[in-house]
Amino acid sequence: MKRIVTTSLLVLSCLLPAAPAQADGPERMPQVAGRGLVSAYQALNYDTSVRLRDGRGAGRHVLWPGSWKVCSQAPEAGTPLEGRPATLTVVKNHEACPA
């Protein structure tokens, strides 16, 4: 039983967002383009609003974040978020990012 609980906690801890990179000053957008979507979520502050756009333009919804990667982001890395949402353009892991 102890092994199951430990494994469950490990899996759940991987899904929790990381703390912001800078504790002082305004929250800044991290570089997430080129990462998997789960990793991108972890890099963002937990209270950052995130919008996802299908990079193929097909209007697909992300049901399993582990199957998607980030092609581009808005705003650019280093930009203060100032309460603005982050928009991530995503495609499935096996797909190429749009040019």
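The legends below describe close-up views of a predicted model.

Residue numbers start from 1 along each chain as its sequence is written, and side-chain values rest on heavy atoms, with hydrogens and water left out. Because the model is predicted, local features need pLDDT of at least 70 and side-chain atom pairs count only at pLDDT 80 or more, whereas totals for chains, interfaces and linings use all residues.

**Figure 1. Overall make-up of the chain.**
The chain holds 2 helices and 3 strands, arranged along the sequence in the pattern α-α-β-β-β. Helices (H or I, at least four residues) and strands (E, at least two) are DSSP runs, numbered from the N terminus. Of the 99 residues, 22% count as buried; buried means under 20% relative accessible area, exposed over 50%, and partly exposed in between, with a 1.4 Å probe and protein chains only. Among contacts in the chain with a separation of 6 or more, 67% come from residues 24 or more positions apart, a contact being heavy atoms within 4.5 Å.

**Figure 2. The sheet of strands E1, E3 and E2.**
The 3 strands form an open sheet in the order E1-E3-E2, with mixed pairing. Strand E1 (50-54) and E2 are the edge strands, each pairing on one side only. From one strand to the next, the twist averages 35 degrees; axes are lines fitted to C-alpha atoms, for helices over the stretch in contact, and angles run from 0 to 180 degrees between N-to-C directions. Two strands pair if DSSP finds at least two bridges between them. E1 and E3 run parallel and are joined by 5 bridges. Arg-53 has Thr-89 in E3 as its bridge partner. Strands of a sheet pair through backbone hydrogen bonds, either parallel or antiparallel.

**Figure 3. The largest nonpolar core.**
A nonpolar core is a set of buried Ala, Val, Leu, Ile, Met, Phe, Trp, Tyr and Cys residues joined through side-chain atoms within 4.5 Å. The largest one here has 11 residues: Met-29, Val-32, Leu-37, Ala-40, Leu-44, Trp-68, Val-70, Leu-81, Ala-86, Leu-88 and Val-90. Helix H2 (37-43), E2 and E3 are the elements that give two or more residues to this core, and E3 gives the most, with 3 residues. Trp-68, a member of the core, touches residues that include Leu-37, Asp-54, Arg-60, His-61 and Val-90, when residues up to four places away in sequence are not counted.

**Figure 4. The disulfide between Cys-71 and Cys-97.**
The structure holds 1 disulfide, defined as a pair of cysteine sulfur atoms within 2.5 Å. Cys-71 and Cys-97 form this link, with their sulfur atoms 2.1 Å apart. The pair joins distant parts of the chain, Cys-71 lying in strand E2 and Cys-97 in the segment after E3, 26 residues apart. The angle about the S-S bond is -85 degrees, and the link is left-handed. Cys-71 is buried because its relative accessibility is 18%, whereas Cys-97, at 36%, is partly exposed.

**Figure 5. The surroundings of Gln-73.**
Gln-73 lies in strand E2 and counts as buried because its relative accessible area is 14%. Leaving out residues up to four places away in sequence, Gln-73 touches Met-29, Pro-30, Gln-31, Val-32, Ala-33, Thr-87 and Leu-88.

**Figure 6. The loop between strands E2 and E3.**
Pro-75 is placed in the loop between E2 and E3, and the peptide bond from Ala-74 to Pro-75 is cis, with omega near 0 degrees. Glu-76 is found in the loop between strand E2 (68-74) and strand E3 (86-92) and is exposed because its relative accessibility is 62%. Glu-76 and Pro-30 are 46 residues apart in sequence, with a C-alpha to C-alpha distance of 8.1 Å. Glu-82, also in the loop between E2 and E3, has a positive phi of about 45 degrees although it is not a glycine. At 64% relative accessibility, Glu-82 is exposed. Most residues other than glycine have a negative phi, and most peptide bonds are trans.
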